[in-house]
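Take a look at it first, and then follow the points below.

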Amino acid sequence: MATLNEIPILKLAEVHAKPKGHQMSYGTAGFRGNASGMDHVFFRMGMLAVLRSKLMKATIGVMVTASHNPEHDNGVKLIDPHGEMLTQSWEELATSLANVTNDELIKEMKKIVDSQNIQLSNEASVFIARDTRPSSLALSQAVLDGATALGATCTNYGLLTTPQLHHIVACYNGGNHNVNEEQYYQHYANAFKALLNENLSYLTKKPVGSSVTVDCANGVGAPKLVKLAEHIGVNIIDIVVHNNGQSGKLNENCGADYVKVQQRAPVEGLNMEPDHRYASFDGDADRLVYYTLDSDCNFVLLDGDKIAALFAVYIKELLNKADINVRLGVVQTAYANGSSTNYISTEENIEVACAQTGVKHLHKVATAFDIGVYFEANGHGTVTVKDDCLNKIRSAATSEEKLQEQKLAANKLTAFLDVVNQTVGDAMSDLLAVEAILQDKGWSIRDWSCIYTELPNRQAKVKVADRTVIETTDAERKVTKPPALQPAIDKVVAEYPCGRSFVRPSGTEDVVRVYAESDTQENTDKLAKRVSLLVYELAGGVGEKPQPAF
Ligand SMILES: CC(=O)N[C@H]1[C@@H](OP(=O)(O)O)O[C@H](CO)[C@@H](O)[C@@H]1O
Ligand SMILES: [Mg+2]
């Protein structure tokens, strides 16, 4: 039986030594934190990816990124064989491996090998990619060192968006060994063009306005989006890339998270015009939000909720036209605007489920539907389809028993499902999907924005000594601990028309997040402040006290 080859591991572990006392946990999106002092975590995740690869007998991905977090942060997450997030039961293993001292490292690895019954003689293959952060090159080298210390075959893809790596891992494990970055562009460019061709074949369209301006958060999405647009052709899609990283700083005053949370456009130089389409990616291009100005030059945000509504209604229409009966559902989190939930479930009669924050949770719930559309309000989301459902749609497209119009609708749905990256939310492929739907419907961004009117909403953060004192239930919509907090929140919420508020500990930052919505922005802001104060008072707030606004 093969054993761990301890000498090279220990040698490299010295190079990537763990600073004393440094503790981290594998959270909502892997490990995240200030890049300095995290080198050992990347090295160890390289090793963990090898163990996972040996267990699954498949290629495992390792992405080096801290997404929308500031440039000085970094992070690492593992990608499972089908392109999905690392399975939850391994998150604890990752946390323990990251936190043991160098002296305990071999013992901890052996523990994982034994508990998971890993055959060390199995081959291992690890795919690695990184975002554009200054620290990412060295940290991806640490991952490579970890993976090679355990004898894995490593492929370093260099700079990629997170969803590109998910796509490559999924395709490779699915048997396409020629998959690479170039194939990604070909796939999505061809799928998009095929969908537009379907549209042309039987729909009268009106123009929806020419270009779409995309703020790429000064991140890796910028060069990649330029390549994708080239593959599609400028005569077909006119994408203007903004914040391409040439001068601005990653995620600073720009990007999807900034736009969503601040509810305003990126600070630098967009010169927005009414009714023009604008979009923002986050730093690793797995989130997308749209926005525009209305005719009075007010900022109008079309976030993940609105993208989900657009996708779900489009899919529903095509299913109806094709006369295909499958279970379509939308998955949201507690952060979804109440108006979006109401529109999708009550007005459009589409099932809506609520999952915990974090895409892995939404993804899981979505895959229970035949077709699941999931989005976090912040713009991370995609569509999942069960294999037998896809086969049903495909066979409807060619069925003798179907009318021509039904076949065309089935064909179009197949083309649409090819445009979305089913493995994970993908800003580039979601952008194409939105553009294709607007084109097909002959809709302007204003038409889309009008499908429902959002309730005013606010997100706030409260610092507490220990955020784990807050425990929640009901997809994070209710607090169970500390016991006095939920009744206090309920009492305050009851004072506001259409009021809703919840609090939960963040999985990526050392804060408690507060969400509030109500009938007016003024009421919403008051509600957010009052709930923040309750958190501060009942859950051990530290630092500056949130100011009540009565
Ligand atoms: C309110 C919010 O946007 N939370 C984000 C944020 O998680 P927190 O656990 O709230 O810190 O980062 C996650 C990873 O990117 C993302 O999945 C999630 O939606
Ligand atoms: Mg991201």
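Predicted model: local features only at pLDDT ≥ 70, side-chain atom pairs only at ≥ 80, totals over all residues.

1. Let us begin with the whole protein. Its secondary structure comes to 18 helices and 19 strands, and the C-alpha atoms fill a box of roughly 70 × 60 × 45 Å along the principal axes. For 550 residues, a compact globule would have a radius of gyration near 24 Å, and the protein agrees because its own value is 24 Å.

2. How much of the protein is buried? Of the 550 residues, 51% count as buried.

3. Now to the hairpin. Strands β16 (residues 471-473) and β17 (residues 478-481) run antiparallel to each other and pair over 3 bridges. Glu 471 has Lys 481 in β17 as its bridge partner. Between the two strands there are 4 residues, and in this hairpin Asp 474 has a positive phi near 55 degrees. For background, most residues other than glycine have a negative phi, and most peptide bonds are trans.

4. Stay with Lys 481 for a moment. The peptide bond that joins Lys 481 to Pro 482 is cis, with omega about -5 degrees. Pro 482 itself sits in the loop between β17 and α17 (485-493).

5. Next, the loop between β7 (239-242) and α9 (255-262), where you will find Asn 251. Is Asn 251 buried or exposed? Asn 251 is buried, because 25 other C-beta atoms lie within 10 Å and 20 or more are enough to count as buried. Gly 219 is 32 residues away from Asn 251 in sequence, yet their C-alpha atoms are 7.4 Å apart. Leaving aside neighbours within four places in sequence, the contacts of Asn 251 include His 68, Asn 69, Pro 70 and Glu 71, as well as Tyr 258 and Gly 283.

6. Asn 253 is found in the loop between β7 and α9 too. Asn 253 is not a glycine, but its phi is positive, at about 55 degrees. With 17 other C-beta atoms within 10 Å, Asn 253 is partly exposed.

7. Finally, look at Ser 67, in the loop between β2 (59-64) and β3 (73-79). Ser 67 also has a positive phi, near 50 degrees, and is buried, with 27 other C-beta atoms within 10 Å.

Methods:
Residues numbered from 1 in each chain as written. Chains lettered and ligands numbered in written order. Rg over C-alpha atoms; globule rule 2.2 N^0.38 Å. Buried ≥ 20, exposed ≤ 12 C-beta atoms within 10 Å, placed from the backbone. Contact = placed C-beta atoms within 7 Å. Pairing = 2+ DSSP bridges.
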